[in-house]
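Here are my notes on the model, as numbered points. Please read them with the structure open.

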Amino acid sequence: MSSITEKSSQVTALADPAEAPSRLAMPVILLAVFVLPMGISGTAVALPQIASDLGSGPTLLQWVVNGFNAAFAIFTLVWGVLSDRIGYKRTFIAGAVLMVAASIASAAAPNMVTVDVARTLAGVAGAAIFTGSSAILSNSHTSPEARMRNFAVFGATIGLGLALGPTIAGLIVGWTGWRGIFLIYGVLVGVSFALSKALPDIRHERAQGQKVIDFSLLRNYRFLAMILVPVAAAIGFVTLMTYLPVALSAIRGMSPAQSGLFMLPMSIPVFLGPLIAGRLANSARRATPMTMIYVSLVFLVIGDIGMLLLDPHKPLVLLVLPMILLGFSFGLPIGLVDGEALGSVPPQNSGTAAGVLNFLRLGSEAVVIGAYSAALTWLIRRSITDPDTANDVAAGTTGHAAVYADAFHWVMAAATVLSALTALAIALLHRAEVRGDR
């Protein structure tokens, strides 16, 4: 495999990546990036009010969230390739402008179709912001320590947005109504756009004859190992983060407020993990990024096994430790994965690499969440013959705790096995990369 240095000789940077960027650059990026996980985890809070105001069937209502997620996942690939050609700052700015416009359109929408279209455009914009941000952070520092520190804060911001998104969105919707949440998204990104002059203008001159899409990324074992880490997290963590409140309702009769509080041991480590990982990586010699990624994968598998203790009769306190492990399994590698994946490819491919990484990250989440829900519902329907009752139980209605718990255990067992297999694939790819370096 060619070294990154050899591959980098194909391009000339039109802005010096080693030049220290403005101190304002990082806050500009983080403010815009914080909005994106809120758009994923927080927007669902507004759905009941949107349905009450505009009226709609379930399909159009679901696409308020699904349209954003699907467009975000698909267009990370498009913006990834495009950003390597037009520059990462331009990509960020294009995304910010489109996000502001889409947010205003969402807030002013007169009907559900308009909301869906606007949120889909917001997903396209979010992909540009995320891709441009990742590539700027990867290219703006030559020091591995500085890059790791930046991506640790970047990951913590993502974790904070995911963990607090529903709470923040709930407060905004309660204060301003559902249109207010979209206006807030637009205002925050608008501030980032207004200050985007502080971002370094990093782009690369394409060498004559260079391919439009460089498929050498698929022969880079380290890059392949890194992009599988969020896939493992999607299988073993994101599904639980999404559906554990439903399970707590069906199995233990918890209200939404109670389940929200009970989720804190799982959500707080999502925010703390990237900060801890960044500090350890820069201060502890043995705490290499790959070591912490392995630790996170072990936490993921053990945490999934521990969730099998969720039962109508077992004490809920037994779930606290597995939930903490699962939170750290997701939080520890967030920033590390982005930094290591983009750092393992030539600088001129940073945008494409960010696009592939985030496509797999978001695409795998969409697939496994759908598969989780379908498998759980299918298992419940095998035990409850009445379709309406089975659907109610799958949605978290109380009264059939043992049936839901049995289905939950089977699905979690399958998720545990798949998470372990993905972790094994990551280890094998990393081992192949180490052998190649020798």
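**Notes on the predicted model**

1. Start with the pair Arg361 and Asp338. Their side chains form a salt bridge, 2.8 Å from N to O. This is a predicted model. Arginine 361 sits in helix α15 (residues 350–383) and aspartate 338 in helix α14, so the bridge ties together parts 23 residues apart in sequence. Both arginine 361 and aspartate 338 are buried.

2. How many salt bridges does a search of the whole structure find? The count is four. Salt bridges with shared partners also join Arg222, Glu340 and Glu433 into one network.

3. The closest N and O atoms of arginine 222 and glutamate 340 are 2.6 Å apart. The pair links distant parts of the chain: arginine 222 is in helix α9, glutamate 340 is in helix α14 (residues 333–343), and 118 residues separate them. Arginine 222 counts as buried because its relative accessibility is 19%, under the 20% cut-off. Glutamate 340 is buried too, at 16%.

4. Arginine 222 also meets glutamate 433 in a salt bridge, at 3.4 Å from N to O. Glutamate 433 lies in helix α17 (residues 401–437) and arginine 222 in helix α9, so this pair ties together parts that are 211 residues apart in sequence. Arginine 222 and glutamate 433 are both buried.

5. Check aspartate 116, in helix α6 (residues 112–139). Beyond residues up to four places away in sequence, aspartate 116 touches Leu60, Trp63 and Val64.

6. Next, arginine 252, in helix α9 (residues 221–252). Arginine 252 is partly exposed, because its relative accessible area is 29%. A polar atom of its side chain lies 2.6 Å from the backbone oxygen of lysine 314. Arginine 252 and leucine 316 are 64 residues apart in sequence, yet 8.9 Å apart from C-alpha to C-alpha. Leaving aside neighbours within four places, the contacts of arginine 252 include Leu310, Asp311, Pro312, His313 and Leu316.

7. Last, the surface. Leu261, Leu264, Ile268, Leu272, Ile276 and Leu280 form a nonpolar patch there, with about 500 Å² of accessible area together. Which helix gives the largest share of the patch? Helix α11 (residues 264–283) does, with five residues. Leucine 280 is in helix α11. Leucine 280 counts as partly exposed because its relative accessibility is 35%.

Conventions:
Residues are numbered from 1 along each chain as its sequence is written. This is a predicted model: local features need pLDDT of at least 70, side-chain atom pairs count only at pLDDT 80 or more; totals for chains, interfaces and linings use all residues. Side-chain values use heavy atoms; hydrogens and water are left out. Patches are made of residues with over 30% relative accessible area and no salt bridge: like charges are joined within 9 Å, nonpolar side chains (Val, Leu, Ile, Met, Phe, Trp, Tyr) within 5 Å. Accessible areas come from the Shrake-Rupley method with a 1.4 Å probe; for residues, only the protein chains shown count as cover. Helices (H or I, at least four residues) and strands (E, at least two) are DSSP runs, numbered from the N terminus. Buried means under 20% relative accessible area, exposed over 50%, partly exposed in between (1.4 Å probe, protein chains only). Contact means heavy atoms within 4.5 Å. A polar contact is a pair of N or O atoms within 3.5 Å; within protein, one must be able to donate a hydrogen and the other to accept it, and residues adjacent in sequence count only if both atoms are side-chain atoms.
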